Amino acid sequence: TLRKPISQSSMADWASKNLNMHTQGIFRRRISVSNMLSWNGGSIKKPMLITSNRTIKKEACEMFKLVQSYMGDRQTRMDRNHVALVMVTKCWSMQGLRDELYIQLIRQTTDNMCYRSLAWGWELMAISLAFFSPSPKFQSYLEGYIYRHLDSDEKIAQHIKELVDLKNKKITKSRKKRKQNTEDEGLPISTYAKYCYRKLHKVAITGGKKGLRKPTVEEIMHARNAILTPSLFGSSLEEIMLRQQDMYPGNKLPWVQTQLSQQVLALGGEQTEGIFRIPGDIDEVNALKLQVDQWRIPNSLSDPNIPASLLKLWYRELEEPVIPQQFYKECISNYENPDAAVAVVQLLPELNRLVLCYLIHFLQIFAQPSNVGRTKMDVNNLAMVMAPNCLRCQSDDPRIIFENTRKEMSFLRMLIVHLDTSFIKGLV
């Protein structure tokens with residue numbers, strides 16, 4: 001559901017307070033806010049946003065050149081993947097540069113007369129949102145900007161045509177040349193905007209790329225591909241099943257769910273102390289996530305905590321939880337009633353029911369007394385670590401969240417103990 005973004009006047013007010021107003025000419029006249037936020041073919045001599053950090057001041061000007069290079073507005077010897085890598089790595093390492101990059105992208109995608117450059121600017125924004133979020137202070141401004149482009153394709157095409165006509169008013173140019181400026185050389189801008197809008201909301205919650213390893217070219221390429229090809233992580237169950245239809249048409253369950261679950265068991269997870277409680281190495285988890293999104297399971301895995309952590313992440317990042325939101329109240333109302341808890345499962349949509357039953361069947365293996373002795377993860381512990389990945393409380397009230405957390409755990413415990421999942425055996 002799209003939230004109503006901040007108004008145009010609020011965005012203008014934010015810009016007037018936070019932009020580092022530039023000057024031009026021998027009299028150093030201040031550039032207007034609208035010109036500050038319009039495409040610029042030259043370089044900048046100071047950051048777009050007000051800052052007192054000397055490093056940020058220096059890096060911001062260099063980053064503007066990189067933005068221009070990626071968008072094809074400045075010549076460079078580097079290919080676009082490496083240009084993006086340099087930029088993303090700078091911002092990922094230096095938090096103070098992130099808002100600066102996003103405001104530079106807003107500028108370079110405003111009143112841009114070249115559609116290809118415009119599309120590449122939006123593409124770079126989408127890639128950046130895969131690695132880091134803007135600051136909370138800047139998020140609402142960026143959200144408002146993206147929101148205005150969700151259904152703007154006709155307006156953009158008309159606006160580019162008007163800008164080109166204005167520029168060529170006194171200079172006669174061939175129709176062919178004019179067509180080159182306005183023809184579509186990529187995806188519609190609304191496609192990028194819709195992806196960025198969705199990604200912005202997610203990254204604001206998850207916080208982007210974690211770990212110590214710097215971004216890689218493979219991750220840059222993966223982030224770009226995700227614009228058109230939905231990831232196996234963060235999508236809806238329906239999208240995931242649709243994506244795997246060509247490769248695994250007979251599967252009734254998500255490939256990613258069954259493969260990661262089987263990997264945990266194959267590596268002896270049911271005999272590993274603290275399984276699902278002790279996180280796997282975050283960089284190893286990120287590396288596995290990249291491979292899984294390309295339908296690959298490496299043979300080099302040895303630590304069951306790595307696929308276990310990624311499996312939890314997959315459940316947690318689903319666009320809608322395994323137990324959809326409309327069943328949430330019923331779940332926490334029946335957290336002490338085994339029959340009622342099992343009855344809720346039967347009401348779920350078929351795909352959700354199968355996915356949940358597979359998860360419960362999987363957890364029931366770990367809940368066996370012979371395994372609990374080794375893992376130290378009894379049914380209460382299993383319910384505690386997995387409940388937040390299956391149910392999502394929508395309240396912002398800490399008291400309600402605290403109270404519901406206990407009920408969520410109890411509900412999942414009821415399912416682990418009482419739900420008959422014997423039919424899942426052999427189902428893929």
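Trainee: How much area do domain 1 and domain 2 bury between them?

Mentor: This is a predicted model, and in it domain 1 and domain 2 bury about 890 Å² between them, 47% of it on carbon and sulfur atoms. On the side of domain 1, R198, R213 and H222 lose the most area to domain 2, together making up 53% of what that side buries.

Trainee: Which residues belong to domain 1 and which to domain 2?

Mentor: Domain 1 takes in 8-166 + 188-228, and domain 2 covers 237-426. Each domain gives 11 residues to the contact. Taken over C-alpha atoms, the centres of domain 1 and domain 2 are 37 Å apart.

Trainee: How many salt bridges does the rule find across the interface of domain 1 and domain 2?

Mentor: The rule finds 4 salt bridges there, along with 7 residue pairs in polar contact, both partners at pLDDT 80 or more. On the side of domain 1 that touches domain 2, the elements giving two or more residues are α10 and α11 (217-225).

Trainee: Why is the pair E319 and R198 called a salt bridge?

Mentor: The closest N and O atoms of E319 and R198 are 2.6 Å apart. The cut-off is 4 Å between a side-chain nitrogen of Lys or Arg and a carboxyl oxygen of Asp or Glu, so the pair qualifies. R198 and E319 also belong to a network of salt bridges that links them with K202 and E239.

Trainee: How many salt bridges does a search of the whole structure find?

Mentor: It finds 16. One of them joins the side chains of K17 and D13, at 3.2 Å from N to O.

Trainee: What separates K17 and D13 within helix α1?

Mentor: K17 and D13 are 4 residues apart in helix α1 (residues 8-18), which is about one helical turn. An α-helix has 3.6 residues a turn, so residues three or four places apart point the same way.

Trainee: Why is K17 called exposed?

Mentor: The relative accessible area of K17 is 58%, and exposed means over 50%. K17 therefore passes the cut-off. D13, at 38%, is partly exposed.

Trainee: How do you know whether R353 counts as buried or exposed?

Mentor: R353 has 16% relative accessibility. Buried means under 20%, so R353 counts as buried. The side chain of R353 meets that of E350 in a salt bridge, 3.2 Å from N to O. E350 is partly exposed at 48%.

Trainee: What distance lies between the closest N and O atoms of R406 and E403?

Mentor: The closest N and O atoms of R406 and E403 are 2.4 Å apart, and the pair forms a salt bridge. Both residues lie in helix α21 (residues 398-418), 3 residues apart, about one turn of the helix. R406 is partly exposed at 42%, and E403 is partly exposed at 30%.

Trainee: How do you know that the span of helix α7 agrees with what it should be?

Mentor: Helix α7 (residues 136-147) has 12 residues, which at 1.5 Å a residue should span 16 Å. The end C-alpha atoms of α7 are 17 Å apart, which agrees.

Trainee: Which residues of α7 are buried?

Mentor: They are F138, Q139, Y141, L142, E143, G144, Y145 and I146. Their cover includes α1, α5 (98-108), α6 (115-129) and α10 (189-206).

Trainee: Why is L85 called buried?

Mentor: L85 has a relative accessible area of 16%, and the cut-off for buried is under 20%. L85 lies in helix α4 (residues 80-93). Setting aside neighbours within four places in sequence, L85 is in contact with P215, T216, V217 and I220.

Trainee: What share of the residues of the protein chain count as buried?

Mentor: Of its 428 residues, 50% count as buried. The protein chain has 21 helices and 2 strands, and its C-alpha trace spans about 80 × 45 × 40 Å along the principal axes. Among contacts with a separation of 6 or more, 78% come from residues 24 or more positions apart.

Note on methods
Residues numbered from 1 in each chain as written. Predicted model: local features only at pLDDT ≥ 70, side-chain atom pairs only at ≥ 80, totals over all residues. Heavy atoms only, no water. Buried < 20%, exposed > 50% of the residue type's maximum accessible area, 1.4 Å probe, protein only. Contact = heavy atoms within 4.5 Å. Expected span 1.5 Å × (residues − 1). Domains from an automatic or database assignment. Buried area = accessible area lost by both parts, 1.4 Å probe. Polar contact = N/O pair within 3.5 Å; in protein donor to acceptor, adjacent residues only side chain to side chain.
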